[in-house]
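The sequence and structure come first.

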Amino acid sequence: MKKFLMAATGGAVLAAIVTTQVAAPLLAQEAESKSTIYEQLDLFGSAFERIRSQYVEEVDEADLIEAAINGMLTSLDPHSSYLPPADFDDMREQTRGEFGGLGIEVTQEEGFVKVVSPIDDTPADAAGIEAGDFITHVDGASVLGLTLDETVEMMRGPVGSEIIITVVREDVPEPFDVSIIRDTIKLTAVRTRTEGESIVLRVTTFNDQTFENLKEGIEEQIEEAGGIENVEGFVVDLRNNPGGLLEQAVLVSDAFLEAGEIVSTRGRSAEDGERFNARPGDLAQGKPIVVLINGGSASASEIVAGALQDHRRAIVVGTKSFGKGSVQTVMPLKGDGAMRLTTARYYTPSGRSIQALGVSPNIIVEQPRRDPLAEEEEEDDAPRLRSEADLRGSLSNDSMTEDERRQLEEEEAKAEEAAKLRDEDYQLSYAIDLLHGLSALDLDD
């Protein structure tokens, strides 16, 4: 019994020694870390007081605090920032689908504002702003050194007022000015139409309306076509779509998938991760899909393109996407403001991170830049190709029935429409031709 007590006592002493040896350094490190944080906060307080009392002009203390918070957030990455109450309200309006401004999605790169993409049918789009443009000046004032929010604030103004932005564009030797009239931006999240036997779904943004617009548009186009059997396939056009709500990207992807993972997010801690899976039901009813992307396709657009590509549900055509593979969470703060903080990275079903890499298309198709002068010269100089029917004395086809003649006329009309679309939008024309080819193969048999 004595031996047992001694052993127990010895064990207790040993445990106490081990606990002291391990815990004491950890407690000391924690205390040192807290001490360093308090010293840094004292440093901030000292600098704040000096600025408040000794700056050459009187300053607003609230503005100083906001600037300090924003500086802390923008030092993390280009997408984290502080949202004052007015900006927080603007952001909520954008997710509802209506707001005032120019109609461009921007980020910051090398001190300048970079256009992620212009939004369809907005003042910026009408003025010819392109994805990849750099904005260096607003109304003659340089934006170098300003935060992204400060630059965006400079571009805001009353509806109907003019703004002049200076743009630097790749392959254009000199910067140039663009005049834009501010307007109320009303976003139609999805516009649908039929080209030939293909349904085109133009998805411009991912807001609260996106999935419902998509579902309604698909149903309307199928009904107009006289049933899904008259549809060759679907083109999901995500070009120049800057993204938006994660939940809407999941719903749009799910619209074309029967099962499987859509996207996963991984945060700082393992428990912060989420996985989103598809549910049964394919709005395209198994028809082939082509997804169009370009350098202006970002964030939520890349989730959709990556999910459909990984599941081999769609062929992705175009050029490499923007490469924004991070998730921002908007966290309300005291005083009606909020902060936008990067909290996770997202991954496609195969485990690919899109961050800084983008989605690479299965088939790379560049969109040729239009040169009106060159097009006029080509039209004037292009020789007309001759066929057998043009030869003098050629035999006529007297065995052609009226139905065959009508079919020939319809095919010629389709060819003319295809040629016209090829001139207007080469990438979209390529996607539709691809669907036509897949339909001709009759892959279901």
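Predicted model: local features only at pLDDT ≥ 70, side-chain atom pairs only at ≥ 80, totals over all residues.

R239 belongs to the loop between β12 (233-237) and α7 (246-254), and D425 to the loop between α10 (402-424) and α11 (426-441), so the bridge ties together parts that are 186 residues apart in sequence. R239 is buried, at 8% relative accessible area. D425 is buried as well, at 15%; both values fall under the 20% limit for a buried residue.

The pair does not stand alone. R239 and D425 are linked with D120, D121, R191, R202 and D237 in a network of salt bridges. Side chains of opposite charge can pair when their charged atoms come close.

## Other salt bridges

The whole structure contains 19 salt bridges. One of them joins D282 to R313, where the closest N and O atoms are 2.9 Å apart. This pair also links distant parts of the chain, 31 residues apart: D282 is in the loop between β14 (274-277) and β15 (289-293), and R313 is in the loop between α8 (300-310) and β16. D282 counts as buried because its relative accessibility is 13%, and R313 counts as buried at 16%.

An α-helix has 3.6 residues a turn, so residues three or four places apart point the same way. R52 is partly exposed, at 36% relative accessible area, and E49 is partly exposed at 35%.

## Aromatic rings

How many aromatic pairs does the structure hold? There is 1. The pair consists of F44 and F48, whose ring centres are 6.3 Å apart; their planes meet at 25 degrees, so the pair is stacked. The cut-off behind that label is 30 degrees, under which planes count as stacked. F44 and F48 both lie in helix α1, 4 residues apart, which is about one turn of the helix. F44 counts as partly exposed, with a relative accessibility of 40%.

A ring is also involved in a contact with a charge: the charged end of R266 sits over the ring of Y347, 3.8 Å from the ring centre.

## Helix α6

Helix α6 covers residues 210-225. After the helix comes G226, which has a positive phi, near 85 degrees.

Which residues of α6 are buried? They are T210, F211, N213, L214, G217, I218, Q221 and I222. These residues lie on the same side of α6, because the arc they cover around the axis is only 155 degrees. The buried residues of α6 pack against the strands β10 (190-195), β11 (198-203) and β12, and against α7. On the face turned away from this buried side, α6 carries the exposed residues E223 and E224.

## Surroundings of S264

S264 is part of strand β13 (residues 261-267). With a relative accessible area of 4%, S264 is buried. Apart from residues up to four places away in sequence, S264 touches E274, R275, R345, Y346 and Y347. Among these, Y347 is the residue whose ring lies under the charged end of R266.

Where does F322 lie? F322 is in the loop between β16 (314-318) and β17 (326-332). F322 counts as partly exposed, because its relative accessibility is 24%.

Leaving aside neighbours within four places in sequence, F322 is in contact with T107, V116, N294, G295, S297, A298 and E302. V116 is 206 residues from F322 along the chain, yet their C-alpha atoms are separated by 7.5 Å.

Notes: Residues numbered from 1 in each chain as written. Heavy atoms only, no water. Helix = DSSP H or I, 4+ residues; strand = E, 2+ residues; numbered from the N terminus. Buried < 20%, exposed > 50% of the residue type's maximum accessible area, 1.4 Å probe, protein only. Contact = heavy atoms within 4.5 Å. Salt bridge = Lys/Arg side-chain N within 4 Å of Asp/Glu carboxyl O. Phe/Tyr/Trp six-rings, centres within 6.5 Å; stacked < 30°, edge-to-face > 60°. Lys NZ or Arg CZ within 6 Å of the ring centre and 35° of its normal. Expected span 1.5 Å × (residues − 1). Arc of directions from axis to C-beta.
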